[in-house]
Amino acid sequence: MPGSDELYPPAQYGWGWILLAIGVLLLLIAAAWVVMLLTRPRRDLTLTDPSQGPVLQTTDVLSQLRVEYLQSIQRIEDDYRARSLSARNANLELSRVVRTFVNEYSGLEAPVMALDDLVARGAHPALIDAMQRHYYPSIFRQGPAIDPLAGAEAARAVVRSWH
């Protein structure tokens, strides 16, 4: 009867909907776990003994960095001697290598800094000297470039003396 004052019970959901909701929640939890697993920082897996820590110590890494850059400087010098690099390009490459070394070794963004910026930041005197006497005149000045062999020695001085 349309005018009856009887109350109707609430509609019941089937078990399929509850299982679907639980499945969606489990899927969200699994996705969050996978994202956390894939984005966490990696551990160094090259341990000789877990109690001793990493195989390479900081000084070993820095020494290896020096060796790599000294080899790059030697390669540039050899290319210049073999006439595969002009004096200007050799000095340009030496400047790039030295600036990149400083950036990797200390974090100073030398590759994107002008000489005045390096002076203002208090960069090591060996770098300032090499830039002023060898690289800037060779790269930016008209006329013959400064001897790259002297520039290579200045680059070696920077790599060896950088703190």
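Reader: At what angle do helix α3 and helix α6 pack, and are they roughly parallel or antiparallel?
Author: Happy to start there, bearing in mind that this is a predicted model. Helix α3 covers residues 87-106 and helix α6 covers residues 148-161, with their axes 9 Å apart. The packing angle is about 5°. Angles under 35 degrees count as roughly parallel, so α3 is roughly parallel to α6.

Reader: Which residues of α6 does α3 meet, and how many residues of the contact are charged?
Author: From α3 come Ala87, Ala90, Asn91, Leu94, Val98, Phe101 and Val102. They meet Pro148, Gly151, Ala152, Ala155, Val158 and Val159 in α6.

Reader: How do α5 and α6 run, roughly parallel or roughly antiparallel?
Author: The axes of α5 and α6 are 9 Å apart, and the angle between them is about 170°. Angles over 145 degrees count as roughly antiparallel. Therefore α5 is, relative to α6, roughly antiparallel.

Reader: Which residues make that contact, and what classes do they belong to?
Author: On the α5 side, the contact is made by Ala126, Leu127, Ala130, His134 and Tyr135. On the α6 side, Ala150, Gly151, Ala154, Ala155, Ala157, Val158 and Ser161 take part. By class, the contact of α5 with α6 has no charged residues, three polar and nine nonpolar.

Reader: Where does α5 bend, and what span does it reach?
Author: Helix α5 runs over residues 125-140, which is 16 residues. From its first C-alpha to its last it reaches 21 Å, close to the 22 Å expected at 1.5 Å a residue. There is also a bend of about 45° in α5, and its place is Met131.

Reader: Is Met131 buried or exposed, and what covers the buried residues of α5?
Author: Met131 is among the buried residues of α5.

Reader: Stepping back, how many helices and strands does the chain have, and what percentage of its residues count as buried?
Author: The chain has six helices and zero strands, following the pattern α-α-α-α-α-α along the sequence. Among contacts with a separation of 6 or more, 62% join residues 24 or more positions apart. As for burial, the share of the 163 residues that count as buried is 27%.

Note on methods:
Residues numbered from 1 in each chain as written. Predicted model: local features only at pLDDT ≥ 70, side-chain atom pairs only at ≥ 80, totals over all residues. Heavy atoms only, no water. Axes fitted to C-alpha atoms, helices over the stretch in contact; angles between N-to-C directions. Helix = DSSP H or I, 4+ residues; strand = E, 2+ residues; numbered from the N terminus. Parallel < 35°, antiparallel > 145°, perpendicular 65-115°, else oblique. Contact = heavy atoms within 4.5 Å. Expected span 1.5 Å × (residues − 1). Bend = angle between axes of the 7 residues up to and from the residue. Buried < 20%, exposed > 50% of the residue type's maximum accessible area, 1.4 Å probe, protein only. Nonpolar A, V, L, I, M, F, W, Y, C, P; charged D, E, K, R; others polar.
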